[in-house]
Amino acid sequence: MNAVLLDASSLGPDIDLAPIREQVDSLAVHDQSTTAEARERLAGARVAIVNKVVLDAATLEALPELRLICVLATGTNNIDMAAAERLGIAVKNVTAYGTASVAQHTLMLMLALANRLPLYQRDVATGRWGESPFFCRMDHGTLQLEGKRLVIVGQGVLGSRVAQLAEAFGMAVTFAARPGKADDRRPTLADLAPEADIISLHCPLSEATRHLVDADLLATLKPGALLVNCARGGIIDELAALEALREGRLGGLGVDVLPVEPPRDGHPLIDALAEPLNLIVTPHNAWITPESRQNVVALTADNLRAWQSE
């Protein structure tokens, strides 16, 4: 069984591919591939291993020997799933590979925003600490997490892990109802938002969650509330959140995701990092601990093994 890995560089240079190699007869590895290059490189291959390369219908139709696509991620939106099903090509993804990594990153954003780290780091860098009439600065009111209410959207493996970590800090955690699920009897995010000290998003992007946190919802928050998005860009209305932050109607904003990634044309949140705001933008790297990335390989090897035994 011959396999082709189209975008190995998306996993980083320090990852051991041996678990995948053990499941196939041969593995051709390419650091990056375009869709056009993928068609050429997958010619004659039985298995495609891909992270973010787009495999559209025309590409799949040109690969009669392809029988399996292993996606090195949870999302499969880069694969034409309807075409794959029509052509009898199995598609297997990986889930929960980065739970510890993303949960850790989420708590990092919460802690940094709660302690107004972006603002105090700016004060230190610009010499304001040295200008203080006494030993410290207290210009920016911080938030003690103990006793505060965290509202989480998404009670999957990741949301549940974030809840565990938050509870270790003494926070009271409430899960909002799953957006778009009519039979979920839990309170909605809109119901819970006015009492939330922090909102953390861990749900997929869908029509039900697009701009889930919009200008109307932001208007109901406490002025000091924090908003963290380690899920998908577009779940919040980033422009509305930035406006609320600038106007003091939002206490802090931390995002690891943007609607378009990488943001080659920039983004208003990136531009706003130059302003004195309690704002953190990280480059979709919540998942990148070595353990997490190696786990992607291990789970992909499991998918290969399971497929061969079907």
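Mentor: We begin with contact, which means heavy atoms within 4.5 Å. Helices (H or I, at least four residues) and strands (E, at least two) are DSSP runs, numbered from the N terminus. This is a predicted model, where local features need pLDDT of at least 70, side-chain atom pairs count only at pLDDT 80 or more, and totals for chains, interfaces and linings use all residues. Residues are numbered from 1 along each chain as its sequence is written, and side-chain values use heavy atoms, with hydrogens and water left out.

Trainee: Which residues of helix 7 are buried?

Mentor: An α-helix has 3.6 residues a turn, so residues three or four places apart point the same way. Buried means under 20% relative accessible area, exposed over 50%, and partly exposed in between (1.4 Å probe, protein chains only). In helix 7 (residues 157-168), Gly159, Val162, Ala163 and Ala166 are buried. Seen down the helix axis, these buried residues fall within an arc of 105° (taken from the directions from the axis to the C-beta atoms), so they line one face of helix 7.

Trainee: What covers the buried residues of helix 7, and what does the face turned away carry?

Mentor: The cover includes helix 5 (99-114), strand 6 (149-153) and strand 7 (172-175). The face turned away carries the exposed residues Val157, Gln164 and Ala168. Just after helix 7, Gly170 has a positive phi of about 85°.

Trainee: Where does Arg67 lie?

Mentor: Arg67 sits in the loop between helix 3 (57-61) and strand 4 (68-71). With 24% relative accessibility, Arg67 counts as partly exposed. Beyond neighbours within four places in sequence, Arg67 is in contact with Arg46, Leu87, Gly88, Ile89, Ala90 and Trp307.
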